[in-house]
Amino acid sequence: KKRNPHESEFHQAVKEVFDSLVPVLAKNPHYIKQAILERIVEPERVISFRVPWVDDQGNVQVNRGFRVQFNSAIGPYKGGLRFHPSVNASIIKFLGFEQIYKNSLTGQPIGGGKGGADFDPKGKSDAEIMRFTQSFMSELSKYIGPDIDVPAGDIGVGAREIGYMFGQYKKMRGGFEAGVLTGKGLGYGGSLARTEATGYGTVYFVEEMLKDQNLSFKGSTVVVSGSGNVSIYAIEKAMQLGAKVLACSDSTGYVYDKNGIDLSTVKRLKEVENKRISEYVNEHPEAHYVEGCSGIWTIPCDIALPCATQNEIDAHSAELLVSNGVKAIGEGANMPSTLEAVEIFLKNKVLFAPAKAANAGGVSVSALEMAQNSARLAWTFEEVDAKLHDIMKNIYNESMKAAQEYGAPGNLVVGANIAGFVKVADAMIAQGII
Ligand code: NDP
């Protein structure tokens with residue numbers, strides 16, 4: 001905390017992981033001798049840069065860009081780019097730190113990184129988005145590459161932004177290096193099922209967790225926060241598995257539809273028309289719109305899937321979910337539950353799927369996109385989806401196994417942290433003090 005003052009999100013993410021590692025260090029004193037914790041908590045490289053651009057009125061705007069190259073022990077840095085006004089060093093470092101363990105859990109050869117900018121894409125014209133992303137990539141292109149660091153999307157960065165950034169990278173480098181970014185369009189090196197991967201993966205993971213307790217999505221009620229990339233495909237897969245999704249949200253409020261959310265309306269509003277979720281009720285008068293997004297956790301449900309942003313479930317919301325009888329939580333977003341909220345879920349025996357395991361499907365398919373780019377091949381949707389499903393089952397099993405082995409049976413927070421950590425720590429030791 002002394003070395004990184006004012007980085008509360010980063011402290012939170014580190015505390016959660018390090019608390020889980022106590023039994024691992026007790027069993028493996030060489031990790032202490034090798035100062036693995038001191039090394040792993042320090043990013044290998046932090047890049048912060050000016051992003052100047054010109055808006056449609058001709059005014060010069062300046063944003064701050066970041067790339068945190070956290071850990072490359074098991075592969076090139078890999079992790080998304082976030083464009084949101086709240087972005088700062090703490091947010092990017094917490095996301096990059098989480099990414100180390102998540103990427104390790106996928107079983108793919110990818111290290112941990114994250115980046116972004118404090119740019120607000122809301123209300124910007126297409127031309128402004130293009131000018132901003134081009135300026136951002138002009139600088140970022142100096143530090144990334146298919147075998148160095150491979151960014152992808154995150155909040156505020158979807159296929160359009162990735163496309164503009166890919167174009168600018170190509171122009172700066174003078175060659176078609178398909179593997180430098182993932183989440184690309186299907187016509188120029190993107191992978192089928194990447195769009196669906198994080199949301200589908202979260203539901204596949206929760207399905208495994210439910211199965212172990214003889215529960216399932218079939219006939220369950222589900223609440224999903226957000227209505228972005230992760231949320232939409234979590235809703236889609238939960239519905240395919242027979243659940244009724246009662247509500248979803250955006251940063252201004254939530255919609256509750258007792259008949260079940262109509263996904264085609266949400267997709268059109270969000271993916272095509274770029275509108276607010278409040279517009280949903282214009283087409284579905286039986287549904288309610290409520291201003292303020294945290295109220296979504298007052299809705300009784302069997303399964304809650306927070307898929308919007310960090311710390312969206314605090315202790316109060318967690319208590320409400322528990323008292324309304326929630327059986328399982330699946331974190332689609334990164335760190336959506338505060339440390340206190342996680343404690344409440346675990347104490348009340350709510351099945352809890354932590355983000356770094358449950359939302360690892362996105363980066364897993366990103367790694368499969370890199371593999372397809374290297375091989376100059378394109379797999380079918382079914383092939384990629386089947387691999388994703390296997391990866392999520394494997395992450396669940398590995399996390400459960402580690403939890404059991406280190407004296408916390410059934411605790412997936414502990415299990416995922418340990419399973420992700422051990423592989424990275426061993427690779428760091430094998431590579432010497434660097
Ligand atoms: P999107 O930008 O597509 O969607 C984000 C959604 O969350 C929107 O509905 C947005 O509402 C809402 N939201 C964003 N910020 C806030 C906030 N501060 N308060 C309330 N609501 C908010 O992003 P993604 O779906 O890609 O990402 C969602 C989460 O999933 C993030 O935590 C991300 O890190 C994580 N994640 C994403 C992966 C991916 O593959 N995309 C992979 C792994 C994790 P509005 O439109 O009003 O801003």
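Which residue of β8 is the bridge partner of Ser249? The partner is Tyr254. This is a predicted model.

**Overall fold**
- The protein has 17 helices and 12 strands.
- Along the principal axes, the C-alpha atoms fill a box of roughly 60 × 55 × 45 Å.

**Burial and contacts**
- Buried residues make up 51% of the 434 in the protein.
- Take the contacts with a separation of 6 or more: 74% of them come from residues 24 or more positions apart.

- Strand β7 covers residues 244-249. It is largely enclosed by the rest of the structure, because 5 of its 6 residues are buried.

**The β6 side**
- Strand β6 (residues 221-224) pairs with β7 in the parallel sense, over 3 bridges.
- Thr221 has Lys244 of β7 as its bridge partner.
- Between β6 and β7 the chain passes through helix α9 (residues 229-240). This β-α-β crossover is right-handed.

**The β8 side**
- Strand β8 spans residues 253-256. It runs antiparallel to β7, and 3 bridges join the two.
- The link from β7 to β8 is a hairpin through 3 residues.

Methods: Residues numbered from 1 in each chain as written. Predicted model: local features only at pLDDT ≥ 70, side-chain atom pairs only at ≥ 80, totals over all residues. Helix = DSSP H or I, 4+ residues; strand = E, 2+ residues; numbered from the N terminus. Buried ≥ 20, exposed ≤ 12 C-beta atoms within 10 Å, placed from the backbone. Contact = placed C-beta atoms within 7 Å. Pairing = 2+ DSSP bridges. Right-handed = clockwise from strand over helix to strand, strands pointing away.
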